[in-house]
Amino acid sequence: MKTMTGIPASPGVAIGAAFVYADNDIPEIPRYSLAEGQTAGEMQRLREAMEKAEGDLRGVLEGVGKEMSGEHTAIFEAHLMMIEDPYFTGRLEERIVKERQNAEWAVRETARELAGKMIVSSDPLFRERAADINDVSKRILYHLLAIKKVSLANLEHDCIIAAHDLLPSDILVMNRKKVRAIVMDMGSGTSHTAILARAFTIPAVLGLSAAVSEIVNGDILAVDGSLGEVIVNPPKTVLAKYQKETAKYRKKADEFLAMRDLPAETLDGRPAVLKANIEIPEEAETAALYGAQGIGLYRSEFLFLAPGQAAGEEVQFRAYSRVLAAMGDLPVTIRTVDIGGDKVLSGFQSADEKNPLLGWRAIRFSLALPDLFKTQLRAILRAGAAGNARIMFPLISGLEELERALALLEEAKAECRRQGCAFAENIETGVMIEVPSAAMIAEILAEKAGFFSIGTNDLVQYSLAVDRGNERVSYLAQPVHPAVLRLIKKTVDAAHARGITAAMCGEMAGDPGFTAALLGLGIDEFSMASLSIPAVKRVIRNVKAEECRVLAEELVAGRSATENAALLRSWMERRRLS
Ligand code: PEP
Ligand code: MG
């Protein structure tokens, strides 16, 4: 038996036989210098390989469109953009024509060069995009070297996939019904693989370093995606424990899924609306599976963090339309890009801002680049013609920003009108409350907002002065700090006084430990990772709105985060809800 520990990337427990997926099937890359007369032929060889790679990607896009209800295309579109990217193709040509490198070597070196630039980015999401470059370059190399790849779409038996690295395309096309778990040397919690594994609810342990190479086909693996543990060929006792855990997990998952269609309503009849947060369009499928009553936060910036350039209007239109189609009549709240801060977009931002979290971020970035902003607004407006779309502005700190954003929305509508395209004329617009100043003037913002959605991740960060990415001060990031609760209460009261919805889409909304307090504060809508919906619903269905109101009153009047946390814990324990 061997135990490996990696990054817990997607929760769930599984036991199964390993299928070792060798993606490292590219042999040594040949390297030689071309004679002067050979460069034209080599360029032709490269063009053919790139065309074939492009053909593959388009084939996958079409296949995915048919077989997977058109929900899996954003990543491939980013890859297509990458193949057509003038910088990428320009560097290849330079290497072959000027530096006389053979095509394989030119592809490998250009990919290394680009990936190397991304890997040093301070933004983990952007660092992960280096994986996309490798994905695309491998596709081209397969054709240059005439390598046939095994497709995970053809899996016939249940298995646990063990790989050094998986391309996002591998995960998207694989026969998901047969995959019990994924274990991988590479990857992090924010990698595409992790995002997709969670979206498809497949347990996954990533970042195992070089451990997977020690697994052989047919080894029995016990995987705990919540703990980040992988046990290879466990003895009977461990196997029995895992089998029990698996059964328990399945039972819980079944119970949770059985709650799918039960109303999120307190014992005394107060309804709450539970929605999902998504980062990529394919997550809408999972949201529907967990009974989400809409998408409360679509983090649209993920479309822009792909390599190459910002996603154009058509790419965005298709992505938004896909989510809207997957959700039917249910509302989909698309947040305009929250780029900047910890999500740096190459080409637009200098990475050397002294205080990026207090800098050129979110709505500030969009308002400074009105063309880019209006392109996004037009894409949402047009997609909204055939669905229930809503727009939400991030990081509003004062009235002027909201008014300017609304004015640009009117301009975007006028542009749609001029172009003669169908669009959502009366689209609802909301404001994210994530800066303390916005909470303090909530009653003023409420005059111009269709709804509020409280982003506690940032509200906690800015009100308690705690960098949300800094582990050394994370102990201070307490959502039940009385100051945070008072800001939330102020926001909710201002929304209700104006008759608009008070939603919450920060992580706090998906933590069942806070649900009763939030109900008591008057939150109408909770938006969270799909997987969290059942646990939050369970709490809602087992408390009374009136007792939650009393609890919230006590918490708001609380003296410290520590005392409030203790009060909340004992309140939950008394009701056997923890
Ligand atoms: C938040 O700040 O709570 C939020 C939901 O936005 P993000 O986590 O994307 O900053
Ligand atoms: Mg935020």
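Visitor: How do the residues of the shell around ligand 1 divide into nonpolar, polar and charged?
Guide: In this predicted model, 15 residues surround ligand 1, and the closest are R299, R335, G455, N457 and R468. Sorted by class, the residues of that shell divide into 3 nonpolar, 4 polar and 8 charged.

Visitor: How much of the accessible area of ligand 1 does the protein cover?
Guide: On its own, ligand 1 has 290 Å² of accessible area. Of this area, the part that the protein covers is 99%.

Visitor: Which element gives the most to the shell around ligand 1?
Guide: The elements that give two or more residues to this shell are β10, residues 295-299, and α16, residues 456-463. With 3 residues, the element that gives the most is α16.

Visitor: Are helices α18 and α20 roughly parallel or roughly perpendicular to each other?
Guide: Helix α18, residues 512-521, packs with helix α20, residues 545-556, at an angle of about 95 degrees, and their axes are 7 Å apart. Angles of 65 to 115 degrees count as roughly perpendicular. The two helices α18 and α20 are therefore roughly perpendicular.

Visitor: How many nonpolar residues does the contact of α18 with α20 have?
Guide: On the α18 side the contact is made by residues including A516 and L519, and on the α20 side by residues including R549 and L551. By class, the contact has 1 polar and 1 charged residue, and its nonpolar residues number 9.

Methods: Residues are numbered from 1 along each chain as its sequence is written. Chains are lettered from A and ligands numbered from 1 in the order in which they are written. This is a predicted model: local features need pLDDT of at least 70, side-chain atom pairs count only at pLDDT 80 or more; totals for chains, interfaces and linings use all residues. Side-chain values use heavy atoms; hydrogens and water are left out. A residue is near a molecule or strand if one of its heavy atoms lies within 4 Å of it. Accessible areas come from the Shrake-Rupley method with a 1.4 Å probe; for residues, only the protein chains shown count as cover. Helices (H or I, at least four residues) and strands (E, at least two) are DSSP runs, numbered from the N terminus. Ala, Val, Leu, Ile, Met, Phe, Trp, Tyr, Cys and Pro count as nonpolar, Asp, Glu, Lys and Arg as charged, and the others, Gly among them, as polar. Axes are lines fitted to C-alpha atoms, for helices over the stretch in contact, and angles run from 0 to 180 degrees between N-to-C directions. Angles under 35 degrees count as roughly parallel, over 145 as roughly antiparallel, 65 to 115 as roughly perpendicular and the rest as oblique. Contact means heavy atoms within 4.5 Å.
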